[in-house]
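Here is a short report on a protein model. Please read it alongside the sequence and the coordinates.

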Amino acid sequence: MVSSSESAIQEALKEYKYGFTTNIEQDIIPKGLNEDVIRLISTIKKEPEFMLDWRLRAYRHWTTMQEPKWPHLKYPPVDYQEISYYAAPKKDEDRPASLDEVDPEILATYEKLGIPIEEQKVLAGVAVDAVFDSVSVATTFKDKLSELGIIFCSFSEAVTNHPDLIKKYLGSVVPYTDNYFAALNSAVFSDGSFVFVPEGVRCPMELSTYFRINAANTGQFERTLIVAEKGAYVSYLEGCTAPMRDENQLHAAVVELVALDDAKIKYSTVQNWYPGDKDGKGGIYNFVTKRGKCAGRRSKISWTQVETGSAVTWKYPSCVLLGDDSVGEFYSVALTNNYQQADTGTKMIHIGKNTKSTIISKGISAGFGQNSYRGLVKIQKNAQNARNYTQCDSMLMGDKCGAHTFPYIEVKNNTAKVEHEATTSKIGEDQIFYCQQRGMSEEDAVGMIVNGFCKEVFRELPMEFAVEAQKLLSISLEGSVG
Amino acid sequence: MNQSIAPIEQYTAAFEQFEKQTAGKEPDWLHQIRKEAFAYLQETGFPNSRMEEWRHTNLSPLLQQSFQLCRDDRHDVAADEILPFLVENLDAHQLVFINGRLDPKLSDLHGLPEGVRVESIASLLQTDAARLEPYLACQGSFEGSIFAALNTAFMQDGAYIYIPKGAAVDKPIHFLYYSAPNGEHLASHPRSVIVAGQSSQAVIIESYAGRCGEEYFTNAVTEVALGPNASIEQCKLQRDSDKAYHMTVLQAHLDRDSRYKHHSIILGGGFVRNDIHSILDAEGIHCTLNGLSMADGNRHIDNHTWIRHAKPNCESHELYKGILDDKSSGVFKGQIYVAKDAQKTDAKQANQTLLLSDEAEMNSMPQLEIYADDVKCTHGATTGQLDDDAIFYLQSRGVNQKAARSLLTYAFANEIVHQIGCEPIRGQLDRLLHERLPMA
């Protein structure tokens with residue numbers, strides 16, 4: 001499975017693979033959070049009045065809220081006044097129109113990350129809207145998409161160019177009152193992506209954004225909004241890497257998806273932010289609110305995530321199944337090694353008739369990692385013939401880690417069929433032995449078994465992502481056996 | 001009803017009065033425990049539905065009522081009134097408590113094997129309180145359970161069962177808590193203590209019942225301690241009136257190689273909450289927790305269980321089933337906790353609920369919290385209605401729809417009933433199920 005050259009590379013990358021920083025001057029506003037900071041962010045971004053109002057309302061609501069304490073996570077308290085809420089690459093004024101104009105140093109960073117923008121453009125047909133810290137610096141294939149009427153741009157551009165759409169959909173799935181981190185994000189979000197696929201259009205390529213947290217002490221607050229109109233289809237990829245840092249960096253993103261009648265949205269994530277070192281020092285705090293609304297009949301939203309990074313993950317990509325016959329899916333692999341902690345899962349809210357949801361969650365715990373699945377399946381009173389199937393499997397490696405399952409199943413309609421199954425077990429010693437007997441190293445054997453364990457989820461990922469995800473798992477598990 | 005007074009304050013006055021009554025009549029250690037428990041109650045207050053353990057059970061209907069402690073042991077319950085609540089065809093050692101106090105005339109303790117003690121806690125406190133001291137309120141502290149604290153503060157009587165080392169009790173031991181408040185708003189806080197010595201064996205039946213249509217509050221705590229290699233089968237039959245408030249906390253502490261089987265059969269009560277804490281504190285233990293809840297009308301049944309695997313090589317099996325009709329609602333929360341050292345744990349948990357009406361609702365929260373790697377732990381939860389294909393199959397064989405539904409519901413419930421080892425209880429439950437499902 002793993003060639004010798006690959007092993008050599010993996011050996012070299014025992015430390016965090018993407019741990020380097022880029023020296024680009026950045027606009028950073030002073031640390032701290034108050035209404036003036038929010039006004040400043042809004043002014044820098046030249047936002048219309050309605051955005052500032054919305055941010056301020058969110059901020060005022062946030063000040064009345066408490067940080068949630070219920071997750072199965074332990075981390076030192078975050079001082080929200082010690083964070084700078086905005087960082088943008090210096091050359092904000094003359095935004096590049098094509099790749100040639102992009103700062104070569106940024107391009108070099110992507111090269112190091114192994115993101116072949118050039119190659120992807122030609123071979124894979126992926127349009128990349130790369131977010132470098134907070135402002136989009138490169139957008140490709142925009143022209144081709146715009147021929148079809150698809151809008152794929154940075155959130156800031158959308159606020160300027162498509163204020164009606166933003167007004168209509170912003171906060172319609174995740175209102176700023178939703179939770180502590182969503183309120184914070186709504187107040188200070190820097191940038192993100194906006195996708196709008198008009199009626200009947202099938203987006204011809206996978207849309208992709210690579211996020212990258214760069215400046216030290218800058219929390220990154222993206223906001224993504226994807227709207228698929230009647231009969232539209234879009235597949236969106238999100239992948240993340242971050243440079244090595246010793247201080248915890250806060251990340252609180254919000255993703256909103258809206259699917260109208262017969263629309264389908266597929267959202268895939270590979271999250272590989274810096275997880276902290278072997279002793280649990282440093283690493284990203286990832287507090288994300290992701291939610292999709294199947295507003296229309298027969299609409300479908302599918303979440304697939306591979307979570308291998310971050311020191312602390314708090315993330316529940318959810319589906320509100322409002323339209324009759326709508327479908328929600330959640331496929332997840334979460335891996336915690338060393339001192340990583342993950343509290344992740346999903347919510348499936350069945351409101352419409354004949355709604356269906358599937359949850360497949362695979363948790364892998366190694367080292368001192370703590371991995372929790374927390375999920376809600378709620379069948380509302382009028383959700384006739386709702387159907388849910390949930391499967392949560394956990395694998396433990398070593399006797400110092402933990403795997404936990406906290407499902408909530410609330411059924412208010414007797415025509416619903418809801419099933420939940422969970423298992424927790426150790427990685428099979430027989431299987432490892434069998435592989436070793438065939439000449440594989442123990443580490444390779446573990447990598448192969450884990451990849452097999454996660455197959456059901458990897459199958460849902462787009463091709464390129466699936467390959468990357470498998471490699472990522474093997475790298476993340478290094479040093480966890482023996 | 002006294003809605004203007006906050007519940008805690010209401011109890012404060014009651015506790016002062018209670019202290020006056022019991023002053024000098026009780027050993028100091030007990031008085032001390034009561035005071036601590038009440039202080040805990042005052043400090044913590046009653047939970048609200050924003051708290052995780054109470055998110056689906058709103059206590060306000062209970063807290064809005066004011067219930068009085070029963071002042072004396074006078075009552076108008078005749079022997080034939082409680083007869084339906086004693087297990088038919090069962091020859092048992094029997095204690096009967098009316099409104100929380102022992103009635104010796106209704107009890108039957110002849111022929112107890114030597115060394116086995118089955119008696120009332122109230123009388124034991126008068127005659128031989130030192131016997132109780134090592135066991136009473138020591139199994140589980142009341143901390144974390146406000147109703148256990150309330151019971152500790154106000155308990156007056158209950159069953160004390162002691163089975164000495166090596167003894168096998170010939171007949172089942174049955175204790176019945178029967179409420180007949182005659183229109184008064186009575187609260188009883190029965191306390192049961194079950195101590196099974198090394199290698200002892202017994203079948204214990206714990207019944208709760210009440211006069212039809214009466215409104216009362218039963219807040220029971222049962223403490224169980226199993227010695228090494230002890231084998232106990234315990235069956236709880238709850239057939240309270242449809243208006244009763246029933247809260248119980250069971251705390252079981254299990255020692256090496258012991259076998260503990262607990263069946264919780266909930267057929268009555270308007271507002272029911274059961275907490276079961278089972279601690280597997282040594283190696284080689286087998287623990288089974290089974291439950292069957294049947295509810296109709298507006299009734300609410302909430303079961304919480306905790307199984308704590310503290311040591312390696314133990315097995316636990318848990319199956320909780322619910323049958324909910326009309327506008328009834330059910331809650332199940334089951335936690336399996338596997339501590340860091342508890343390798344080779346084998347834990348299985350399942351919760352299955354049948355919703356028979358459009359308006360019934362179920363909230364299920366099976367949980368696994370696992371800190372050891374070499375374990376086999378699974379849980380499953382299903383909620384749904386009767387299988388249409390199965391009904392159709394029966395109809396095609398000439399069984400009418402109503403009978404088919406009854407039959408399938410009966411079969412669903414029977415999975416719990418047939419696991420009960422004691423035949424007369426199985427027979428009794430079978431008859432009760434047939435009463436509720438007439439065509440089955």
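## Conventions

This is a predicted model, in which local features need pLDDT of at least 70, side-chain atom pairs count only at pLDDT 80 or more, and totals for chains, interfaces and linings use all residues. Residues are numbered from 1 along each chain as its sequence is written, chains are lettered from A and ligands numbered from 1 in the order in which they are written, and side-chain values use heavy atoms, without hydrogens and water.

## Helix α2 of chain B

Helices (H or I, at least four residues) and strands (E, at least two) are DSSP runs, numbered from the N terminus. Helix α2 of chain B covers residues 28-44, 17 residues in all. The expected span of a helix is 1.5 Å times one less than its number of residues. For α2(B) that gives 24 Å, and the end C-alpha atoms are 24 Å apart, which agrees. Gly45(B) follows α2(B), with a positive phi near 75 degrees.

Buried means under 20% relative accessible area, exposed over 50%, and partly exposed in between (1.4 Å probe, protein chains only). The buried residues of α2(B) are Trp29(B), Leu30(B), Ile33(B), Arg34(B), Ala37(B), Phe38(B), Tyr40(B) and Leu41(B). They pack against α1 (7-22), α5 (121-127), α6 (129-132) and α7 (146-154) of chain B.

## Interface of chains B and A

Contact means heavy atoms within 4.5 Å. In chain B, 36 residues are in contact with 33 residues of chain A. Buried area is the accessible area (1.4 Å probe) that two parts lose on being put together, summed over both. Here it is about 2,800 Å², and carbon and sulfur atoms give 46% of it.

A salt bridge is a side-chain nitrogen of Lys or Arg within 4 Å of a carboxyl oxygen of Asp or Glu. The rule finds two across this interface. Arg55(B) and Glu410(A) meet in a salt bridge at 3.5 Å, N to O. On the side of chain B that touches chain A, β20 (361-370) and β21 (376-384) of chain B each supply at least two residues. The largest share, ten residues, comes from β20(B).

## Salt bridges elsewhere

Over all chains, a search of the whole structure finds 41 salt bridges. Asp178(A) and Arg291(A) pair at 2.7 Å, N to O. The two are 113 residues apart and link distant parts of the chain: Asp178(A) lies in the loop between α8 (163-169) and α9 (180-188) of chain A, Arg291(A) in strand β13 (residues 284-294) of chain A. Asp178(A) is partly exposed at 30% relative accessible area. Arg291(A) counts as buried at 12%.

In chain B, Glu119(B) bridges to Arg117(B), with the closest N and O atoms 2.6 Å apart. Glu119(B) is buried, at 16% relative accessibility, while Arg117(B) is partly exposed at 24%. Arg273(B) and Asp275(B) form a salt bridge at 2.7 Å between the closest N and O atoms, and both residues are buried. In chain A, a network of salt bridges links Glu35(A), Asp36(A), Arg39(A) and Arg60(A).

## Thr305(B)

Thr305(B) sits in strand β16 (residues 300-309) of chain B. Is Thr305(B) buried or exposed? Thr305(B) counts as buried, because its relative accessibility is 1%.

Leaving aside neighbours within four places in sequence, Thr305(B) is in contact with Ile276(B), Leu289(B), Glu318(B), Tyr320(B), Phe332(B), Lys333(B), Gly334(B) and Gln335(B). Thr305(B) and Val249(B) are 56 residues apart in sequence and 9.8 Å apart in space, C-alpha to C-alpha.
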